[in-house]
Amino acid sequence: MSDLVPLGISTDLNGQIAVVTGASQGLGRSCAIRLSECGATVICVARSQDKLADTVREIQHRGGKAEARACDVGQRENVQALFADLEKNFGKLDILVNNAGITRDTLLPRMTDQAWDEVIQTNLTSCFLFSREASRIMMSARYGRIINMTSVSGLIGNPGQTNYSASKAGMIGLTRSLARELGKRKVTVNAVAPGFIESEMTKALGDETLKEVKKRIPANRLGTGDDVAAVVVFLASPAASYINGQVITVDGGMIC
């Protein structure tokens, strides 16, 4: 069972439908849980139905509403089929969180075409595919929130992550352009750029490396999933209607 504590902020999302990609673990899972606690029905998306089951169970245990949808987020046909199913069963979409992402880290001279293609397809192409389908629904309804999970690596780069940084920088460009396209239809598009967040990935760095990392962060700690989810919940809320095309860093001041 999750050890998440009450978030401390809330908004009324009752009656709203939210889609969160990469919801089986990490930031996607945190965002899905927190959106559901605010009343949204959350469609949890990832490649593996089995891995999504734990997120859905946790949401239901907390009294929320959620459903799992297995989907290869970088494949056009799969995404189109998913949205056809959503329109049939729910008839609308209010919130989209493009969170799905992977890493295939190595220095550029050693990077394979496959390592490049996989990261771009999962991180950036999926954001394009989901945003395109969602925008059609939201424009018609004249309401919507699209929130793209980028990274500080997309703002400042990171050695050994040219593929990942390029994908996240691409998401920022997509965010700002789409915000200009959809703003007149009362659809906002923003990005959240986490820094170092507590996860299995950061644990693998080892204690010594993490000590050095924390020295670079004025907050002197790693972020948590809830630090990021709090920003996502706010951007998903009606209160954020005048925030559009922005990139909000959640990094403890690391790149300020």
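This is a predicted model: local features need pLDDT of at least 70, side-chain atom pairs count only at pLDDT 80 or more; totals for chains, interfaces and linings use all residues.

Colleague: How is the packing of two helices described?

Modeller: Two things are needed for a packed pair. They are the angle between the axes and the distance between the axes.

Colleague: Are helix H4 and helix H6 roughly parallel or roughly antiparallel to each other?

Modeller: H4 covers residues 113-141 and H6 covers residues 162-182. They pack at about 15°, with axes 8 Å apart. Angles under 35 degrees count as roughly parallel. Therefore H4 and H6 are roughly parallel.

Colleague: Which elements do the buried residues of H6 pack against?

Modeller: Buried means under 20% relative accessible area. In H6, Met171, Leu174 and Leu178 are among the buried residues. The buried residues of H6 pack against H4, helix H5 and strands E4, E5, E6 and E7.

Colleague: What does H6 reach from its first C-alpha to its last?

Modeller: H6 has 21 residues. At 1.5 Å a residue, 30 Å is expected. The reach in the model is close to that value: 30 Å.

Colleague: Is helix H1 roughly parallel or roughly antiparallel to helix H2?

Modeller: H1 is residues 26-37 and H2 is residues 49-61. Their axes are 10 Å apart, at an angle of about 25°. That angle makes H1 and H2 roughly parallel.

Colleague: How many residues of the contact of H1 with H2 are charged?

Modeller: H1 brings Arg29, Ala32, Ile33 and Ser36. H2 brings Asp54, Thr55, Glu58 and Ile59. Of these, 3 are nonpolar and 2 are polar. The charged ones number 3.

Colleague: Does H3 pass H4 in a right-handed or left-handed crossing?

Modeller: The axes of H3, residues 76-89, and H4 come within 10 Å. They cross at roughly 30°, which makes H3 roughly parallel to H4. The crossing of H3 past H4 is right-handed.

Colleague: How many residues of the contact of H3 with H4 are nonpolar?

Modeller: In H3, Val79, Leu82 and Phe83 are among the residues that meet H4. Leu129, Phe130 and Ile137 are among their partners in H4. The contact also holds 1 polar and 4 charged residues. The nonpolar ones number 7.

Methods: Residues are numbered from 1 along each chain as its sequence is written. Side-chain values use heavy atoms; hydrogens and water are left out. Axes are lines fitted to C-alpha atoms, for helices over the stretch in contact, and angles run from 0 to 180 degrees between N-to-C directions. Helices (H or I, at least four residues) and strands (E, at least two) are DSSP runs, numbered from the N terminus. Angles under 35 degrees count as roughly parallel, over 145 as roughly antiparallel, 65 to 115 as roughly perpendicular and the rest as oblique. The expected span of a helix is 1.5 Å times one less than its number of residues. Buried means under 20% relative accessible area, exposed over 50%, partly exposed in between (1.4 Å probe, protein chains only). Contact means heavy atoms within 4.5 Å. Ala, Val, Leu, Ile, Met, Phe, Trp, Tyr, Cys and Pro count as nonpolar, Asp, Glu, Lys and Arg as charged, and the others, Gly among them, as polar. A crossing is left-handed if the near helix is turned anticlockwise from the far one by less than a right angle, and right-handed if clockwise.
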